[in-house]
Amino acid sequence: MVNFGKKLKAEQVEEWKVYYINYKLMKKKVKQYVQKNRINRKDRQQVLKEFSRMLDDEIEKMVLFILEEQGRLASQIQELESQRDAILETSDVSQVSKLKESYRKVGRDLLKLLRFVDMNATGIRKILKKFDKRFRYKFTDYYVGTRSNHPYSQLQQVFKQVGIGAVVGALSRNLAFLQDQEGSYLSIYDHPTAFVKDPVIEQINASVSKLNHSTNFLEFLGQHALIVPEDAIILCSSPTEEQFVDDDETYHLMSLLLNLVNTFLYMVNTYIIVPTADDYSVSLGAAATVCGVIIGSMAVAQVFSSVYFSAWSNKSYFRPLVFSSIMLFMGNLLYALAYDLNSLPLLLFGRLLCGLGSARAVNRRYISDCVPLKIRLQASAGFVSASALGMACGPALAGLLQIKFKIYSLTFNQSTLPGWIMAVAWVLYLIWLWISFREPARDNQGDHDNASHNNSTSHEGQNTDIENGLNQPLLLDARERDDEEDIKDCHDSEEASSNNSRKPVSSIGEAYRLLTPSVKAQLLIYFMLKYAMEILLSESSVVTTYYFNWSTSSVALFLAILGLTVLPVNAIVGSCITRLFEDRQILLASEILVLIGILLSFKYTSDYSVPQYITSALITFVAAEVLEGRVNLSLLSRVMSSRLAQGTFNGGLLSTEAGTLARVVADATITLAGYLGQSLLLNVTLLPSLFICIASIIATLCTFNTLY
């Protein structure tokens, strides 16, 4: 893999070469600054001023050319629309094919322009990183902070290509119209799910999909998902035209459905015990606050299960799902039997087995690896929707199980029925899985990591072909793909780069060393929101019983309503709010709302009312869900190294471990706070949430200008 300077020179369009950023000159300038700084410590402000002016000039040159090309493409489309209207008036359908080819030619020109934007945006990001590392000054924070939010920002023209999006929309709309030679009008705006089956449009869609974190292209094309899933940080190479066909041939809908059902059942299994866990612990002779340990034991086991399931999914998807179902069946069976055996250790062991059966890493990996790109975002949205519905259905189902009877010596009541019902559910799921799941075909090596690496390097000899060139990761991924190259540059080895920069990490320690301050800040935010949500949900039964004397049914209804807010809130955020504000702005606003919710949750006086509790809970939960559902993980995928996009120790695993650890700490906090008495439980458990939330806001402010 050649370094970026050589790649830029080799892949640039010859007739456009004067409009590309002069990466070589800027790199040389950075080196000169470093040498001068070492000799006479030249005033840094002057260096910043000079380099900022140089970068401004380069970006302005590029942006003006982009606008000029957009205008040229728009003019061509306008001329073709006149021809289209003429054909419509004469009903000469024989000219439709010729007109479609003219539209495709415009599409191929658009592909060239997309590649131009990609190469220049990557150059901008790389030269900013190079300046930071060489000059040991956070120039990126300064430059992006002063340019990106300016009303006349040219930097925004690079990363928010609204004009290009309009060209894509015009091409899609007109080709959709021409596909029906009888002339019936199908608008992509009236039918946003309609997929234009044209090779050029498919390749354009494949390229713009790689820009979805920086633009609203996917929403514009009607291929968006409501929220970014937990596995959004898994980055993939975009397929070629032929690979679209291959994906369709290997895609198995029933296997995807089984993974989504696994996700749903696991979330039901997690939250179905929340309304009754305190009563169960009391019936076994323990304090009500031991419910924190009961609920959290599943999360403790998940810390370890996430690792081995992530590794196992490198070789198989079917066997991990079978193992998961068996472990969850056994865990729920022991959970139910613990009542009649009067054994709290058996109950906890049952919950540990359930946690060891957490196959969420497999579910996410299956979507990333086996679902075609054109529906992968919908599948990811399905994953999050299944999780949200499971979170709502678990407590709701517990509220319906307010009955008690015996069969022989086995007791069936509100405490044991969740275990019995989930045990039966996992047996039925296992049978369905065994009959219907189809293991996807793997390459001869049988190793996912090698397969991913080989696939990503298989196109290196195609740099002169514009359309094949788009198979390389675009703006976001290219920045991270060359992290190792930039590190080598810092040691004056700029002309060489290593294939190791493309390989997945092989240990937790290696993964940790790739975590930048921006990534650490996002993981802290993820920890914070999971901690706050777990405190709210897990102690809800104890708190509401102590202060409001709520029944189990009332607690279950309250938790179910909270869970049901997930989908509409994220729909509003995904379809409206993200069009008006940047993700980093929504991130900060959501953190502040979580802080407000936590502050409102404290018991300040002797009178703690139901409206206060419900209002504060809704604010905290909804704001945390906005963070989790779209913003935090979207930004995390944007700032994380592509080396964490594959292999066992991938970004999805790191975020899962951060969230799981937060749940473990939160549930342990509830149990420990219980020793101080239920009257102090609420305020004592909210204090850590308050401090962690403040810390996450400070971390966001410190890294705000790097979140773009």
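Analyst: The structure holds zero disulfides (a disulfide being a pair of cysteine sulfur atoms within 2.5 Å). Of its cysteines, Cys354 is buried at a relative accessible area of 1%, while Cys393, at 32%, is partly exposed. Here buried means under 20% relative accessible area, exposed over 50% and partly exposed in between, with a 1.4 Å probe and protein chains only. The model is predicted, so local features need pLDDT of at least 70 and side-chain atom pairs pLDDT 80 or more, whereas totals for chains, interfaces and linings use all residues. Residues are numbered from 1 along each chain as its sequence is written, and side-chain values use heavy atoms, without hydrogens or water.

Turning to the aromatic rings, the structure holds 32 aromatic pairs. One of them joins Trp426 and Tyr429 in an edge-to-face arrangement, with 5.6 Å between the centres and 85° between the planes. Rings of Phe, Tyr and Trp (its six-membered ring) pair if their centres lie within 6.5 Å; planes under 30 degrees apart are stacked, over 60 edge-to-face, and the rest tilted. Trp426 and Tyr429 are three residues apart in helix H18, and therefore separated by about one helical turn. Helices are DSSP runs (H or I) of at least four residues, numbered from the N terminus. Both partners are shielded: Trp426 is buried at 0% relative accessible area, and Tyr429 is buried at 2%.

A further edge-to-face pair is made by Trp550 and Tyr613, whose ring centres lie 6.5 Å apart with planes at 85°. Trp550 belongs to the loop between helix H25 (540-548) and helix H26 (552-564), and Tyr613 to helix H29 (residues 610-639), so this pair ties together parts that are 63 residues apart in sequence. Trp550 is buried, with 17% relative accessibility, and Tyr613 is buried as well, with 4%.

Where does Trp550 belong among the aromatic residues? Trp550 and Tyr613 are members of one aromatic cluster, together with Tyr546, Tyr547, Phe548, Phe558 and Tyr608.

Elsewhere, an aromatic ring meets a charge: the charged end of Lys112 sits over the ring of Trp16, 5.1 Å from the ring centre. Such a contact requires NZ of Lys or CZ of Arg within 6 Å of the ring centre and within 35 degrees of the ring normal.

Helix H18, which carries Trp426 and Tyr429, also includes Ile431. In contrast to the buried Trp426, Ile431 is partly exposed at 47% relative accessibility.

Technical notes:
Helix = DSSP H or I, 4+ residues; strand = E, 2+ residues; numbered from the N terminus.
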